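Hi everyone, thanks for coming.

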Amino acid sequence: MAPIGEKDERMGSTLADDDENESQTLWATILGEVQSSSATNLPSTKSVLVLGDNESGKTTLVARLQGVEEPRKGSGLEYYYIDVKDDYRDDQTHAGVWVLDGDPSHTGLLKFAITEENFENILVLLVASMANPWSIMESLNKWASYLREHIDRLKLKPEERREYEDSLVRFFQEYTEPDENSSGSQVPSHRRDVNPLHPTASTTEEDKVLLPLGEDTLSQNLGIPIVVVITKSDAISTLEKQHDFKEEHFDFIQQHIRKFCLHFGASLVYTSVKEEKNCDLLYKYLVHRIYGFPFSSPAYVVEKDCVFVPAGWDNDKKISILYENLNTMKADDCYEDVITKPITRKPVQRDAEVVAEDEQVFLMKQQSILNKQPAPAGDSPARQPAGAPPRTTPPRTQATTNTVTPVSSSPKKRLMEAGKGTPTSEGMLANFFNSLLNKSTAKTPGATKAGGRRINLHAAMEQESDRNVLSVRRPVMQKSRDKAAVSREAAAELERLQKSKKLTSEAKPNGPDSAAS
């Protein structure tokens with residue numbers, strides 16, 4: 001029999017081992033619960049890449065998905081996020097949104113949006129605008145080719161890429177029509193640890209029969225989920241009014257877009273932010289594809305401005321229904337040949353026609369303009385007679401805008417201009433002509449002293465008249481006198497001077513010189 005002390009030690013060690021085992025079991029239970037709850041949390045690594053031409057409505061669409069009224073547009077590669085909330089589990093997260101500039105020169109930035117690490121967690125939106133229906137197919141094909149080129153450059157393992165492509169095929173084959181009586185609050189049927197973008201093969205339903213895909217379905221499988229969004233569907237009414245688009249034109253456009261989507265395994269949504277069409281539907285469909293949220297909206301192709309075709313629903317037979325409305329065109333016709341860009345003719349701004357006027361009329365106008373101009377001030381002043389005091393020009397005074405003080409170029413002109421505004425103009429003119437005659441008489445042999453005195457007298461009068469002329473002012477715009485009247489006055493003055501000359505010559509024999517002889 002063991003001692004009592006030894007027995008107590010064994011019992012104590014046994015109790016200690018039991019407590020340690022219970023604590024380890026408790027920690028294992030807690031860690032298991034945390035791990036299981038983390039599997040149901042919304043992942044924060046999901047993202048969306050938006051591609052499309054400029055002015056196609058990419059930024060406005062993203063702002064609408066965010067719930068922002070005023071979109072902010074940048075350049076290059078922009079990054080936004082969309083709030084995602086799970087009301088059932090009271091969980092929320094952010095979905096990143098990459099928006100690439102519509103300039104093809106920025107396609108090199110795709111390496112920051114799609115990488116080998118996030119390839120399985122990204123979805124692509126190809127955006128085109130119904131405001132420019134003639135460029136829809138060109139835009140979709142262009143951006144799909146850029147996307148393919150970038151994916152081909154990624155260093156993905158061949159088996160991984162093959163698995164991504166197979167997952168899209170399975171998603172297409174396993175598509176089922178949503179139950180019209182189901183509500184959006186139902187619990188998802190699968191766990192969140194399964195990636196909804198690339199679902200794995202089902203292990204519980206091995207005997208489930210999957211129908212084969214059509215010949216054109218997923219013929220351009222890129223291994224990445226794609227959603228084609230046609231924005232600005234409200235422009236359909238404008239196309240009908242301004243460009244005479246008919247119902248068959250929109251059916252022709254729709255069947256071409258749906259064929260494109262069928263080749264890439266893509267979904268199709270017509271949206272209008274302006275009229276709030278299918279914006280909420282697009283948001284619900286995106287969180288359904290990315291996070292596995294329940295989705296109960298069926299396909300809708302009746303209204304031409306709010307079309308919705310989920311991936312997996314469409315096929316060639318359903319598209320062929322649109323062929324019945326094509327009367328003036330065929331389904332196989334080239335898209336650009338049927339949906340042509342209208343020619344906008346800008347009004348030509350023609351120069352006003354200039355009519356040349358008659359040459360004589362033009363010359364008469366120029367002559368009248370020249371006659372109205374004041375006499376030029378650059379002529380040389382009149383010569384001063386010998387022995388006369390230097391002539392001083394009075395300082396110019398500031399006149400009004402309509403008057404100047406002209407400077408005449410010769411004594412004759414100064415006398416004529418002074419005579420227009422003074423009462424002694426006629427006498428001054430006569431003295432001027434007499435001085436000229438007396439000067440010529442003084443040069444001839446037989447000139448008397450009296451004649452010399454007359455010359456000096458006339459010279460002094462001429463000097464005095466020059467001073468008077470300089471102080472005369474007249475308006476700039478004063479009209480010139482009639483040339484014919486001036487000529488007649490000059491002829492009459494000369495005739496009078498000739499008469500006075502004859503009288504002077506007759507009086508010479510009785511003068512002092514003749515008496516002396």
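Let's begin with a term: a residue counts as exposed when its relative accessible area is over 50%, as buried when that area is under 20%, and as partly exposed in between. Please also keep in mind that what you see is a predicted model.

With that in hand, look at Glu55 and Lys73. Are they buried or exposed? Both Glu55 and Lys73 are exposed. Their side chains meet in a salt bridge, at 3.6 Å from N to O. Glu55 sits in the loop between strand 1 and helix 2, while Lys73 sits in the loop between helix 2 and strand 2, so this pair ties together parts that are 18 residues apart in sequence. A search of the whole structure turns up 14 salt bridges, and I'll show you some others.

One of them joins the side chains of Asp244 and Lys246, at 3.0 Å from N to O. Asp244 has 48% relative accessibility, so Asp244 counts as partly exposed. Lys246 is partly exposed too, with a relative accessible area of 42%.

Another brings together the side chains of Lys304 and Glu247, at 3.7 Å. Which parts of the chain does that pair tie together? Lys304 lies in the loop between helix 8 and strand 7, and Glu247 lies in helix 7, so the bridge links parts that are 57 residues apart in sequence. Lys304 is partly exposed at 23% relative accessibility, and Glu247 is partly exposed at 43%. There is also a network: salt bridges that share partners join Arg64, Glu276 and Asp280.

Now let's turn to helices. Two packed helices are described by the angle between their axes and the distance between the axes. Here, the axes of helix 2, residues 58-66, and helix 8, residues 279-291, come within 10 Å and cross at roughly 75°. Angles from 65 to 115 degrees count as roughly perpendicular, so helix 2 is roughly perpendicular to helix 8. Which residues meet there? From helix 2 we have Leu61, Arg64 and Leu65, and from helix 8 we have Cys279, Asp280, Leu282, Tyr283 and Leu286. Sorted by type, the residues of this contact are six nonpolar, two charged and no polar.

Stay with helix 8 for a moment and find Ile290. Ile290 has a relative accessible area of 3%, so Ile290 counts as buried. Beyond its close neighbours in sequence, Ile290 is in contact with Lys46, Val48, Leu123, Pro196 and Leu197. Take Val48: in sequence, Ile290 and Val48 are 242 residues apart, but in space their C-alpha atoms are 9.1 Å apart.

In the loop between helix 8 and strand 7 you'll find Asp305. Asp305 is buried as well, with a relative accessible area of 17%. Leaving out neighbours within four places in sequence, Asp305 touches Ser233, Ile236, Tyr270 and Lys277.

Finally, the inside. In soluble globular proteins, nonpolar side chains tend to be buried together. In this model, the largest nonpolar core has 52 residues, and those touching the most other members are Leu126, Ile136, Ile224, Ile226, Val228, Ile253 and Ile257. Ile224, for example, touches residues including Ile114, Phe119, Leu147 and His198. Apart from that core lies another, of 35 residues, among them Leu42, Leu125, Leu286 and Phe293.

Definitions and conventions. Residues numbered from 1 in each chain as written. Predicted model: local features only at pLDDT ≥ 70, side-chain atom pairs only at ≥ 80, totals over all residues. Heavy atoms only, no water. Axes fitted to C-alpha atoms, helices over the stretch in contact; angles between N-to-C directions. Helix = DSSP H or I, 4+ residues; strand = E, 2+ residues; numbered from the N terminus. Parallel < 35°, antiparallel > 145°, perpendicular 65-115°, else oblique. Contact = heavy atoms within 4.5 Å. Nonpolar A, V, L, I, M, F, W, Y, C, P; charged D, E, K, R; others polar. Buried < 20%, exposed > 50% of the residue type's maximum accessible area, 1.4 Å probe, protein only. Core = buried A, V, L, I, M, F, W, Y, C linked by side-chain atoms within 4.5 Å. Salt bridge = Lys/Arg side-chain N within 4 Å of Asp/Glu carboxyl O.
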